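Here is a quick walk through one model, taken a piece at a time. Keep the structure open while you read.

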Amino acid sequence: MDNFIFYSPTEFIFGKDTQKRTGETVRRFGGEKVLLVYGGRSAEESGLIKEITESLMKEDIEYSILKGIKPNPTDDRVYEGIAQAMREGSTFILAVGGGSVIDTAKAIALGAVYNGDFWDFFCGKEKPVAALPVGVVLTIPAAGSEGSGNSVITRLDGMHKLSVRTNVLRPRFAIMNPQLTMTLPWFQTACGAVDMLCHIFERYFSNTTAMLVNGYSEAIMRDIMARALELKVNPDDYEARADIMWAGTIAHNGLCGVGKEEDWATHRIEHEVSAIYDVAHGAGLACIAPAWLSFVAKRNPDMVWRFAINVMGVNPDGLTTEEIIEKGISSLKDFYHDLGLTTSLTELIGKTPDIDALVNSLETNMGKSLGFYVPLSMEDCREIYKSAL
Ligand code: NZQ
Ligand code: ZN
């Protein structure tokens, strides 16, 4: 295990009806003038926004609204939010939604206190040192942004989807009521399960030895898969919703990566797909993750072998290492198919993707090499895109 600092300062307020505590919690964290950020229609239609605004009013907290944030959020809405926050004198950003809304809120929080272009932080020109405080009411377990220091935004000029990772962006609090996720379309629940699993893959497939971390990471991965399949049959199962919601948070708040070198190649390879073709991030990962696993297993089989046995439940008796790995990856694909997702990029985007465009953009954004479990060249990434077709 490598030396580490684990910093996860977010207060998680979890359980039934917890959204009713939004106003008092914002107040407790010093929010007086709030910029309330949310997405398309789901939070309005469910009555959640009404509940949140009433809760803010009860505490005499002023708010202004930035709504209509779309999946795979773009920089234009961030600029709009920064201008609004500065105009209104907002002191707190409240995100009600999932990764796209929370990431937009975080980017606004950075830009509102910076005397320059917020994109400087995403393209690596500047390191963040300050941000307005961000609070979250989570409506979809997936991206893990409610407990992470990450924000992922697409720049419309060039469709560059880039992220920033900094502790200053960790939300002050996250209100997590599993009941709020019962209105999710099945596709979004499924994509969320794929994304949270992959957040663990990025940390689990590592050359660092960390037996305890590997053990609980495997338990969380098994639970995500079991709960997702239960929810497919019974989407209103509160216990399964609760498990999967908490799993999404601990998959990405750093707990599964402590003391380990993290990889992140799968995410970077996927981000090009969701940026260029505007598909759901989890749906893109269902195509890329098995292709990545098959590729890296040829050069570094150890953890893929362990994953096949301990997570995918392959019985190793009488099988060679290659056979165990093949069965493990094929069971993972079966799981994605059981969720109703495709593992083919061509099927996902409805045409053959432009691999040159994907690789060129990846190289522009990430340089010539990515990943650590097996460092990948751009030619390796091209192979991975091809085998995901
Ligand atoms: O816009 P509305 O109407 O709210 O619909 C949303 C949206 O269409 C819907 N939804 C959310 N909660 C709902 C609901 N529908 C019904 N009932 C509810 N309770 O779900 C759709 C997807 O929402 P989105 O926020 O896009 O989903 P997700 O949480 O998967 O976020 C994806 C974004 O996060 C980024 C992804 O790249 C993508 O841009 N990521 C962010 C990370 C981070 N900040 O740490 C890490 C991840 O790896 C990821 O890259
Ligand atoms: Zn992800």
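In which helix is the place of Asp 380? Look at helix 16, which covers residues 378-387. Bear in mind throughout that this is a predicted model.

**Around Asp 380**

Asp 380 has a relative accessible area of 10%, and since buried means under 20%, Asp 380 counts as buried. Setting aside neighbours within four places in sequence, Asp 380 is in contact with Phe 295, Arg 299 and Pro 375. Helix 16 has other buried residues too: the list runs Met 378, Asp 380, Cys 381, Arg 382, Ile 384 and Tyr 385. What do these buried residues pack against? Their partners are helix 10 (265-277), helix 11 (281-299), helix 14 (345-349), helix 15 (355-366), strand 9 (369-370) and strand 10 (376-377).

**An exposed counterpart**

Now take another aspartate, Asp 317, in the loop that links helix 12 (302-310) and helix 13 (321-338). Is Asp 317 buried or exposed? With a relative accessible area of 62%, Asp 317 is exposed. From the C-alpha atom of Asp 317 to that of Arg 28 is a separation of 57 Å, and the two residues lie 289 residues apart along the chain.

Six of them make an open sheet, ordered 1-8-5-4-2-3, with parallel pairing. At the edges sit strand 1 (11-14) and strand 3 (62-66), each pairing on one side only. On average, neighbouring strands here are turned by 20° against each other, with direction ignored.

Here are some of the strand pairs.

| Strand pair | Sense | Bridges |
|---|---|---|
| strand 1 and strand 8 | parallel | four |
| strand 5 and strand 8 | parallel | four |
| strand 2 and strand 3 | parallel | five |

For Val 37, the bridge partner in strand 3 is Leu 66.

Which strands does helix 3 touch? Helix 3 (residues 48-58) packs on the sheet against strand 2, strand 3, strand 4 (92-97) and strand 5 (134-138). Its direction makes about 155° with that of strand 4. Helix 4 (residues 75-88) also packs on the sheet, touching strand 2 and strand 3, and its direction makes about 160° with that of strand 3.

**Helix 4 meets helix 5**

Helix 4 has a helical partner as well: helix 4 and helix 5 (residues 99-111) pack at an angle of about 50°, their axes 9 Å apart. The two helices are therefore oblique to each other, and their crossing is right-handed. On the helix 4 side, the contact is made by Arg 77, Val 78, Gly 81, Ile 82 and Ala 85; helix 5 supplies Thr 104, Ala 107, Ile 108 and Gly 111. How do the residues of this contact divide by type? Five are nonpolar, three are polar and one is charged.

How values were computed: Residues are numbered from 1 along each chain as its sequence is written. Chains are lettered from A and ligands numbered from 1 in the order in which they are written. This is a predicted model: local features need pLDDT of at least 70, side-chain atom pairs count only at pLDDT 80 or more; totals for chains, interfaces and linings use all residues. Side-chain values use heavy atoms; hydrogens and water are left out. Two strands pair if DSSP finds at least two bridges between them. Axes are lines fitted to C-alpha atoms, for helices over the stretch in contact, and angles run from 0 to 180 degrees between N-to-C directions. Contact means heavy atoms within 4.5 Å. Angles under 35 degrees count as roughly parallel, over 145 as roughly antiparallel, 65 to 115 as roughly perpendicular and the rest as oblique. A crossing is left-handed if the near helix is turned anticlockwise from the far one by less than a right angle, and right-handed if clockwise. Ala, Val, Leu, Ile, Met, Phe, Trp, Tyr, Cys and Pro count as nonpolar, Asp, Glu, Lys and Arg as charged, and the others, Gly among them, as polar. Buried means under 20% relative accessible area, exposed over 50%, partly exposed in between (1.4 Å probe, protein chains only).
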